[in-house]
Amino acid sequence: MVCCLVILLNGYVVVQQFFQMKSTTLSIVLLLAIGVAGNAQELYVYTDPASNVPARSLTAKVSGKWLEGYHSKRTEWRFMPEVQVGLSKKWMLRANATFSDMYSSNVRWESIRLYTKYRFLSQDDLHRHFRMAAFAEAAHSVNPVFYDELNLDGDQSGLRGGLIATQLINKLAVSVSGSYLYVTSERPKYFADAYPYQALNYTASAGYLLFPGKYTSYRQTNLNIYAELLGQKTLDKNRFYVDLAPAVQLIFNSNAKLNAGYRFQLNGNMHRMAKKQWLVSFEYVFLNALGKKKK
Amino acid sequence: MKKILLFVSILFAGVTASAQFKSASLQAAGLTCAMCTKAINTALDQLPFVAEVNPDINNSAFIITFKEGAEIDFDALKNAVEDAGFSVAKLAVTASFNNLPVRNDTHVQVNGKTFHFLKIDNQTLNGEKTITLVDKDFVSAKEYKKYSAATKMACVQTGKAADCCTREGIPGNARVYHVTI
């Protein structure tokens, strides 16, 4: 358990941001991480674990994100279709596009993104593993930039690279990640210097299986709950946010996932499009879709 | 007497015995969820020599029934689990033997495959018996360390025939499965 805490609190920035949070919130996050003593899951809703998609398998996902725009004061949404492929047991690729009305009056295409992840360490034992992976992604977005918050979720163009470590001990799974993000989107003329371009992102996630208590078949519906801490600190400007994102997940027939999450800011000093947002996504796994079929 | 036994064992090492591999019990490591178990299940199910896979989702374990008379590839079973993103913790294979004498730390050929028995009492395998693979990546790192220390032969390090085996007439680099009972 001490080991989990060390992993959870890993990294100077994480620790620094933890201390900027209110003590009650800090307690909630720690309790969630410590208290999930049952079957933990690492099919996180907001982040990626170090584990990969099975080799030669394909996943298709659609996500919807809703928020109230800071400037528009109306409910805006983003639609994100995505495909993932397991190239080998260690290497996966993901491509997605985004469409939204966050920067326009009607929903329109706004960005594409490519993501790749390589699992370079895997130590498995019975109901236990430690894995590490490196990832990189690049996004192209046509949106203008009005906010301090940096991301490749459709809002901006840029590059990101980072590391993920996921530990499962006696059915408790904790995952942490750290990444460097560089945004290349052009800023408004004369104000370009007012915006950050580089950021350090960090996440800490924990998950818990509520149902079923005991597996009897692949057709049983699984209910998982998650708590994820998502933080950003810009490197060229002294701005940051720390969000908490609780989420629920239903898994049907062991190959379809329905996720719903609410992400809200715990602390921060950034000019953001929204400090809270809803996410709903549905993902289907096609196991061995690209493999040889048995006759 | 010892010399005679040694002579007999060497004689047997060169002789190919036959056995019918019927089923295997495989335990996977590194997972807890049903979705992960299903990924392994699907990968095992695709193997051409597998007739049926019955999962025990709670224990991440599978009973695999082989097709009768099919060529069984233990490495393919391991690769299927690894491709799904996990590892093999235990692979125990049940076969029907016909008076096959086996000796500790000795090679024996069965159905054209070379098996190297470790940490066993010398015995004759007859009828349905279960043997457990102890090669690297077929057991936990700790278990592998234990079994690899049970022989001085180099083949246990790679699972491939080394000098120790070629002296017995086993082709160089041929796959040698290290097993126990």
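## Basis

The model is predicted, with local features needing pLDDT of at least 70 and side-chain atom pairs counting only at pLDDT 80 or more, while totals for chains, interfaces and linings use all residues. Residues are numbered from 1 along each chain as its sequence is written, chains are lettered from A and ligands numbered from 1 in the order in which they are written, and side-chain values use heavy atoms, with hydrogens and water left out.

## Interface of chain A and chain B

In contact (heavy atoms within 4.5 Å) are 36 residues from chain A and 33 residues from chain B. The two chains bury about 2,700 Å² between them, 55% of it on carbon and sulfur atoms; buried area is the accessible area (1.4 Å probe) lost when two parts are put together, summed over both. Of the area that chain A buries against chain B, 29% comes from A:Y215, A:Y218 and A:K294, more than from any other three residues.

The interface holds two salt bridges, where a side-chain nitrogen of Lys or Arg lies within 4 Å of a carboxyl oxygen of Asp or Glu. A salt bridge joins A:R56 to B:D83, at 3.0 Å from N to O.

On the side of chain A that touches chain B, strand 4 (108-125), strand 5 (128-141) and strand 11 (256-268) are the elements that give two or more residues. Strands are DSSP runs (E, at least two residues), numbered from the N terminus.

## Nonpolar patch on chain A

A:V62, A:W66, A:F252, A:L258, A:W278, A:V280, A:F282, A:Y284 and A:F286 make a nonpolar surface patch of about 770 Å². Patch residues have over 30% relative accessible area and no salt bridge, and nonpolar side chains (Val, Leu, Ile, Met, Phe, Trp, Tyr) are joined within 5 Å. Strand 12 (276-286) and strand 1 (58-68) of chain A each supply at least two residues. Strand 12 gives the most, with five residues, and A:L258 is in strand 11.

## Loops of chain A

Over all chains the structure holds 23 salt bridges. One of them pairs A:D101 with A:R74, with the closest N and O atoms 3.4 Å apart. A:D101 lies in the loop between strand 3 (91-100) and strand 4, and A:R74 in the loop between strand 1 and strand 2 (75-86), so the pair ties together parts 27 residues apart in sequence.

The peptide bond from A:F211 to A:P212 is cis, with omega near 0°. A:P212 is in the loop between strand 8 (198-211) and strand 9 (222-234). A:Y190, although not a glycine, has a positive phi of about 70°.

Note on methods. Helices (H or I, at least four residues) and strands (E, at least two) are DSSP runs, numbered from the N terminus. Patches are made of residues with over 30% relative accessible area and no salt bridge: like charges are joined within 9 Å, nonpolar side chains (Val, Leu, Ile, Met, Phe, Trp, Tyr) within 5 Å. Accessible areas come from the Shrake-Rupley method with a 1.4 Å probe; for residues, only the protein chains shown count as cover.
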